[in-house]
Amino acid sequence: MVFKNKVVIITGASSGIGAACAVVFAKSSAKLVLVGRNFDNLTKTANMCKKFGLHPFVLVADVNIEDDLKKIVDETVQHFGRIDVLVNNAGFTILKEIKDGVDAFDSVMRTNLRAPYLLTSLALPYLIKTKGNVVNISSILAYRPLATMTAYCMSKAALDMFTKCAAIEFGPHGVRVNSVNPGPVKTQIFKSAGLNEEAVEMFFSNMEQSAPLQKVAYGEDVAEVVLFLASDKASCVTGSCYQIDCGLSIKQT
Ligand SMILES: NC(=O)c1ccc[n+]([C@@H]2O[C@H](COP(=O)([O-])OP(=O)(O)OC[C@H]3O[C@@H](n4cnc5c(N)ncnc54)[C@H](OP(=O)(O)O)[C@@H]3O)[C@@H](O)[C@H]2O)c1
C-alpha cells in the first residue's frame with residue numbers, strides 16, 4: 001500500500017523491465033499510467049495489474065514524438081489529477097558501429113536520451129507539487145564501453161549525467177532523481193535488436209557464467225529496486241546510479 005493514491009507513469013510498460021515495474025507498483029497500490037506504442041502488449045500488462053485490483057490508464061504514445069510526450073503529461077493530469085513518479089524506461093539498442101554512419105546515433109539518442117529529458121521537463125511542475133521523483137532506466141553500459149553498441153553506451157552515459165544534473169537542479173524543490181543501471185536482463189531487447197534466439201541464449205549463458213552470482217537478472221529484479229528508489233524509504237537518495245548486474249561489472253575482463 002506504499003503507493004496508495006500515488007500516480008506513477010511508466011514508459012515502455014508494454015514489455016520487459018517496464019511491464020515488470022508496472023506489476024510491482026500495482027502490488028503497492030499505485031495509480032498507473034502505462035505508456036508504449038503497442039496497444040495489445042500494454043493491455044496485457046494492464047490485465048496483470050488488474051489482478052491487484054487496479055485499473056491502469058493505458059496510453060498509446062511514441063516517446064520520439066514531441067506531441068505524444070505532451071499528451072502523456074496532459075492526459076495523466078486530466079485522468080488522475082497529479083504525477084508522483086516518472087519512470088523513464090522506454091529504450092532500445094542497435095548493433096551498429098561508428099563506421100556504419102550517424103543514423104543509429106540519431107535514433108538511439110532520440111529515444112533513450114532526448115525523450116527522458118523532455119518528458120521529465122514537462123512533468124516537472126507536477127512533480128514539484130507532489131515532491132515526487134524520477135527513476136531513469138540506464139545500464140552498466142553507461143560505463144562499460146561496447147564497440148558494437150557505441151550509440152547505446154553513449155546514450156546511457158549521458159542519461160546518468162542527466163540524472164545527476166537533474167538531481168542538483170530539482171533537489172531544492174524536494175524532487176529526487178535516480179537511475180538504475182542493469183546488466184543483462186532477460187527481455188525482448190536483444191531480439192528486437194536483430195539477434196536470433198540462439199545468439200540471445202548464448203549471450204545470456206555467457207553472462208551467467210561470467211557474473212559472480214552466476215546468474216542474470218529478470219525484469220522483476222530491476223523493478224524491485226526501481227520501487228525502492230521511488231518510495232519514501234529512499235527519501236535521502238538522489239543523483240544515484242544504482243547497479244543491478246549480479247556483480248558483472250566489478251569483475252576484471
Ligand atoms: N534488457 C537488458 O539487458 C537491459 C539492460 C540495461 C538496461 N536496459 C534498459 O531497460 C529499458 C527497457 O528495456 P527492456 O530490456 O525491457 O526491453 P524491451 O523488452 O524491448 O522493452 C522496451 C520497451 O520500450 C518501449 N519503447 C521503445 N521505443 C519506444 C518509443 N519510441 N515510444 C514508446 N515506447 C517505446 C517498448 O514499447 P513499444 O514496443 O510498445 O513501443 C517496450 O515496452 C531500456 O531503456 C533499456 O535500455 C535493458
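Okay, some housekeeping. Residues are numbered from 1 along each chain as its sequence is written. Since the model is predicted, local features need pLDDT of at least 70, side-chain atom pairs count only at pLDDT 80 or more, and totals for chains, interfaces and linings use all residues, while side-chain values use heavy atoms, leaving out hydrogens and water.

Let's start with strand β1, residues 7-11. Helices (H or I, at least four residues) and strands (E, at least two) are DSSP runs, numbered from the N terminus.

Now its neighbours. Strands pair if DSSP finds at least two bridges between them. β1 runs parallel to β2, residues 31-36, with five bridges joining them, and I10 has L34 as its bridge partner there. With β4, residues 85-88, β1 pairs in the parallel sense over three bridges; V8 stands opposite V85.

On to charges. Side chains of opposite charge can pair when their charged atoms come close. We call it a salt bridge when a side-chain nitrogen of Lys or Arg is within 4 Å of a carboxyl oxygen of Asp or Glu. The whole structure has seven. One of them joins K6 to D232, with the closest N and O atoms 3.7 Å apart. K6 sits in the segment before β1 and D232 in the loop between α8 (219-230) and β7 (241-244), so this pair ties together parts 226 residues apart in sequence. K6 is partly exposed at 23%, and D232 is exposed at 55%.

Then there's D84 with R82, at 2.6 Å from N to O. D84 is buried at 4% relative accessibility, whereas R82, at 34%, is partly exposed.

Last stop: N112, in helix α4, residues 103-130. Taking contact as heavy atoms within 4.5 Å, and not counting residues up to four places away in sequence, N112 touches A90, G91, F92, Y152, S155, K156 and L159.

Definitions and conventions. Buried < 20%, exposed > 50% of the residue type's maximum accessible area, 1.4 Å probe, protein only.
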